[in-house]
Amino acid sequence: MNLTTNFLFRILLATAVVALGACSPTKPVAPAGGEQITQSPPTKAQGEKIGQRAVQRWENIINKKFDAAYEMLSPGYRQTHNRKDYVSVIANRPVQWTKATYIGHECQSPDVCTIRVNIEFDFMMPAAGRVKSENPVQEKWLRVENEWFFFPDNVGK
């Protein structure tokens, strides 16, 4: 096996190990006592509650409460993206969001859900003036220390 083939083989092997680990339907959680318990994915009612949290984040953006929206971002995202830059990106988008409505959810694991929200917005078109539109979006939400946070994968792009 040459050096390049060996390197590619190791990359594929590592990817397979990570992918298989992600396929686990439940996640063991160690409580304070040290014994392992298994969490189930959120129930329908819990998923709807996460969906309402997603709507609240959008309402914060609609009402220009960008700091409150920032606090709903995942802790890891906030560690790598500062508040000022996030607010600048969101506040300077050429669109005015006007309404968010929860559509539904799908939870991939006890700690990861995809939330679907319909977003209504206005934007200016040079030839047509202000145009109203709407768009359904899918958002990834993560549970971190028993609280749900939005995990943006495209903010600022």
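Colleague: Which residue forms a salt bridge with Glu71?

Modeller: In this predicted model, the pair can be judged by the distance between a side-chain nitrogen and a carboxyl oxygen, for which the cut-off is 4 Å. The closest N and O atoms of the pair are 3.4 Å apart, and the partner that forms the salt bridge with Glu71 is Arg78.

Colleague: Are Glu71 and Arg78 buried, exposed or partly exposed?

Modeller: Buried residues fall under 20% relative accessible area and exposed ones over 50%, with partly exposed in between. Glu71 has a relative accessibility of 34%, so Glu71 counts as partly exposed. Arg78 is at 22%, and therefore Arg78 too counts as partly exposed.

Colleague: Which parts of the chain does the salt bridge between Asp122 and Lys132 tie together?

Modeller: The closest N and O atoms of Asp122 and Lys132 are 3.6 Å apart, and the two residues form a salt bridge. Because Asp122 lies in strand 4 (residues 112–125), the pair ties together parts that are ten residues apart in sequence, the other part, with Lys132, being strand 5.

Colleague: Is Asp122 buried or exposed, and is Lys132 buried or exposed?

Modeller: Asp122 has a relative accessible area of 10%, and the limit for a buried residue is under 20%, so Asp122 is buried. For Lys132 the relative accessible area is 67%, which is over the 50% limit, and therefore Lys132 is exposed.

Colleague: How many residues apart are Glu139 and Arg57?

Modeller: Glu139 forms a salt bridge with Arg57, with the closest N and O atoms 2.8 Å apart. The pair links distant parts of the chain, since Glu139 is in strand 5 (residues 129–144) and Arg57 is in helix 2 (residues 44–62), and the separation is 82 residues.

Colleague: What are the relative accessible areas of Glu139 and Arg57?

Modeller: Both residues fall in the buried class, for which the limit is under 20%. The relative accessible area of Glu139 is 4%, and that of Arg57 is 3%.

Colleague: Why is the disulfide of Cys107 and Cys113 right-handed?

Modeller: The structure holds one disulfide, which joins Cys107 to Cys113 with an S to S distance of 2.0 Å. Cys113 counts as buried, at 0% relative accessibility. The disulfide is right-handed because the torsion about the S-S bond is about 95°.

Methods
Residues numbered from 1 in each chain as written. Predicted model: local features only at pLDDT ≥ 70, side-chain atom pairs only at ≥ 80, totals over all residues. Heavy atoms only, no water. Disulfide = S-S within 2.5 Å. Buried < 20%, exposed > 50% of the residue type's maximum accessible area, 1.4 Å probe, protein only. Helix = DSSP H or I, 4+ residues; strand = E, 2+ residues; numbered from the N terminus.
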